[in-house]
Amino acid sequence: MTAFLSLHWLDILTTFLGLIYIVLEYRASIYLWAVGILMPLLDVWLYYTHGLYGDAGMAVYYTFAALYGFIVWRFGRKHGQQEGQELPITHMHRRLYLPAIVFFFVAWGATYWVLRTYTNSSVPLLDAFTNALSFVGLWALARKYIEQWGFWIVVDVISCYLYIIKGIPFKAGLYGLYVVIAVAGYCKWKRIMHQQYE
């Protein structure tokens, strides 16, 4: 048991933090960003030691994105937002879809090239894909767009598979659970969004 814990302690710790994070995200709590700073800092180490260099790099981005998300949720404003009202959950504007799609494909291609050129990653295509889509997902979460849940469902399914084949079992289980919670989170955010305008 001790050998198992010494081998997987970081995986277990970051999984526990990930559970806290997703519960806070489900509740649309601003405190998700505090966990969103600590967890990816630890994930950098976890992913790097398992050869998931794209995910390790992404964890650095997550840390800075969490700072951005906190600032936007705390101080940001949207069109139609009432004075003193917290940042409301809304749909992504249609005009944002094309830039988001273009950004995704550019980020996917660039990340794939970096992984193929500078690392020994055995899964560069999928690792780059989840990273690129996570860039878009984090931006959508920071802006409180309900569509962020759809991005995360795709990322979580693929990440679960990657962590299984890379021997990170607890994180794989966490991402499997994330898929279920993302579906529930979409439904909850949809209810909250409708209540905001009642």
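K171 and D43 are both buried in this predicted model. Their side chains meet in a salt bridge, with 3.0 Å from N to O. The pair joins distant parts of the chain: K171 lies in helix 7 and D43 in helix 2 (residues 32–49), 128 residues apart. The count of salt bridges comes to one.

Helix 7 covers residues 169–196, which makes 28 residues. At 1.5 Å a residue, helix 7 should span 40 Å, and its end C-alpha atoms are 39 Å apart, so the two values agree. Besides K171, the buried residues of helix 7 include L174, Y175, Y178, W189 and M193.

Helix 6 (residues 148–165) gives the most to the patch, with three residues. Y161 has its place in helix 6.

| Residue | Relative accessibility | Class |
|---|---|---|
| Y161 | 45% | partly exposed |
| C160 | 18% | buried |
| C187 | 39% | partly exposed |

Buried means under 20% relative accessible area, so C160 at 18% is buried. Exposed means over 50%, so C187 at 39% falls in between and counts as partly exposed. Y161 at 45% also counts as partly exposed.

A disulfide is a covalent bond that links the sulfur atoms of two cysteines. How many disulfides does the count give? The count comes to zero.

Definitions and conventions:
Residues numbered from 1 in each chain as written. Predicted model: local features only at pLDDT ≥ 70, side-chain atom pairs only at ≥ 80, totals over all residues. Heavy atoms only, no water. Helix = DSSP H or I, 4+ residues; strand = E, 2+ residues; numbered from the N terminus. Buried < 20%, exposed > 50% of the residue type's maximum accessible area, 1.4 Å probe, protein only. Expected span 1.5 Å × (residues − 1). Disulfide = S-S within 2.5 Å. Salt bridge = Lys/Arg side-chain N within 4 Å of Asp/Glu carboxyl O.
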